[in-house]
Amino acid sequence: LRTPLSADSSSLNATVEFENLETGSMTVLRDTVVKFTDNYTHNYILNEDLEPRKSYQLKITRPDGNSVTSVATTPGITQHSVKPNENVSCFSAIEIKFQNVLPSEQIRLYAGFSYEGFRSQEISRYCEFERQGNDLVLNITTRDLLGMVIPAPGTNQILCRRTESAIGCGDLESDAVQLRYLHLGPEWQRVFPIYPVDPEDIRDVENGLGFFGGYRDDNFSYTVIVPEED
């Protein structure tokens, strides 16, 4: 893995095993080299379904017997909702809720708008959810979301609320507000919210470097209307 990404490589001289720690079943993964923008990467394909809140171990072994291991736990299945979800005023409050999120798990939420293409931003970088047991709740307005996704020129600091936007809801090319999220397993606490610059700071892989985690992604949307004063 210390080979430069720009170097051509047909295979990685190691065996990669994926084990379900609950059942003990183990699969040897096949290496597939994929070229992304002149960089060669090793991708291992797993043709099996993963179950929620189960632990899986990844083990990589070289021919000389040296190996590295790491365990990842998949998150649960959250139920998402936004209320109200249609014909929402640009300045009216909405409630975005995620149910079945354990304290050890996290939600990364992205909001997207159609304006000169599609603009998207991770709003959980700026907003903190209110935790109610195993539910995460965010009360916010569409105008606040616009301020985070498309801030006004010269904005020095983006805040969750009352950040001035470069546009209003009336400038949008679609009335659909797209919400996408990642439901992260517990291991992601080692890298979120700040990504370590040095991989040695993560300390997730035993006898090695890097990170191994599980997540689930999904999306939903609501529609917004334009108030007369906008």
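**A loop residue and its contacts**

The side chain of Thr74 reaches the backbone oxygen of Glu51 at 2.5 Å. The model is a predicted one.

Q: Is Thr74 buried or exposed?
A: Thr74 sits in the loop between strand 6 (67-73) and strand 7 (79-83). Its relative accessible area is 10%. Buried means under 20%, so Thr74 counts as buried.

Q: Which backbone nitrogen lies 2.9 Å from a polar atom of the side chain of Thr74?
A: Leaving aside neighbours within four places in sequence, Thr74 is in contact with Leu50, Glu51, Pro52, Arg53, Lys54 and Tyr56. The side chain of Thr74 reaches the backbone oxygen of Glu51 at 2.5 Å. The backbone nitrogen at 2.9 Å belongs to Arg53.

Q: What is the phi angle of Arg53?
A: Arg53 lies in the loop between strand 4 and strand 5. With a relative accessible area of 30%, Arg53 is partly exposed. Its phi is positive, although Arg53 is a residue other than glycine, and the value is near 55 degrees.

Q: Is Glu22 buried or exposed?
A: The relative accessible area of Glu22 is 57%. The cut-off for exposed is over 50%, so Glu22 is exposed.

Q: How far apart are the closest N and O atoms of Arg62 and Asp64?
A: Arg62 is partly exposed at 45% relative accessibility. Asp64 is partly exposed as well, with a relative accessible area of 49%. The two form a salt bridge, and their closest N and O atoms are 2.7 Å apart.

Q: With which residue does Glu116 form a salt bridge?
A: Glu116 is found in the loop between strand 10 and strand 11 (118-122). Its phi is near 50 degrees, a positive value in a residue other than glycine, and at 56% relative accessibility Glu116 counts as exposed. The closest N and O atoms of the salt bridge are 3.2 Å apart, and the partner is Arg119.

Q: How many salt bridges does the count come to?
A: The bridge between Lys54 and Glu22 is one of them. The pair Glu116 and Arg119 is also among them. The count comes to six.

Q: Which residue in strand 9 stands opposite His80?
A: Strand 7 and strand 9 (residues 93-99) pair in the antiparallel sense over five bridges. Opposite His80 stands Phe98.

Q: Which residue is joined to Lys83 by a cis peptide bond?
A: The bond has an omega of about -15 degrees.

**The nonpolar core**

Q: How many residues does the largest nonpolar core have?
A: Those with the most contacts inside the core are Ile96, Phe98, Leu109, Ile140 and Leu145. The elements that give two or more residues to the core include strand 9, strand 10 (106-114) and helix 1 (142-149). The core has 33 residues.

Q: Which residues does Leu145 touch, not counting residues up to four places away in sequence?
A: Leu145 is among the residues with the most contacts inside the largest nonpolar core. Its contacts are Ala111, Phe113, Ile123, Ile140, Val177 and Tyr222.

Note on methods: Residues numbered from 1 in each chain as written. Predicted model: local features only at pLDDT ≥ 70, side-chain atom pairs only at ≥ 80, totals over all residues. Heavy atoms only, no water. Helix = DSSP H or I, 4+ residues; strand = E, 2+ residues; numbered from the N terminus. Buried < 20%, exposed > 50% of the residue type's maximum accessible area, 1.4 Å probe, protein only. Polar contact = N/O pair within 3.5 Å; in protein donor to acceptor, adjacent residues only side chain to side chain. Contact = heavy atoms within 4.5 Å. Salt bridge = Lys/Arg side-chain N within 4 Å of Asp/Glu carboxyl O. Pairing = 2+ DSSP bridges. Core = buried A, V, L, I, M, F, W, Y, C linked by side-chain atoms within 4.5 Å.
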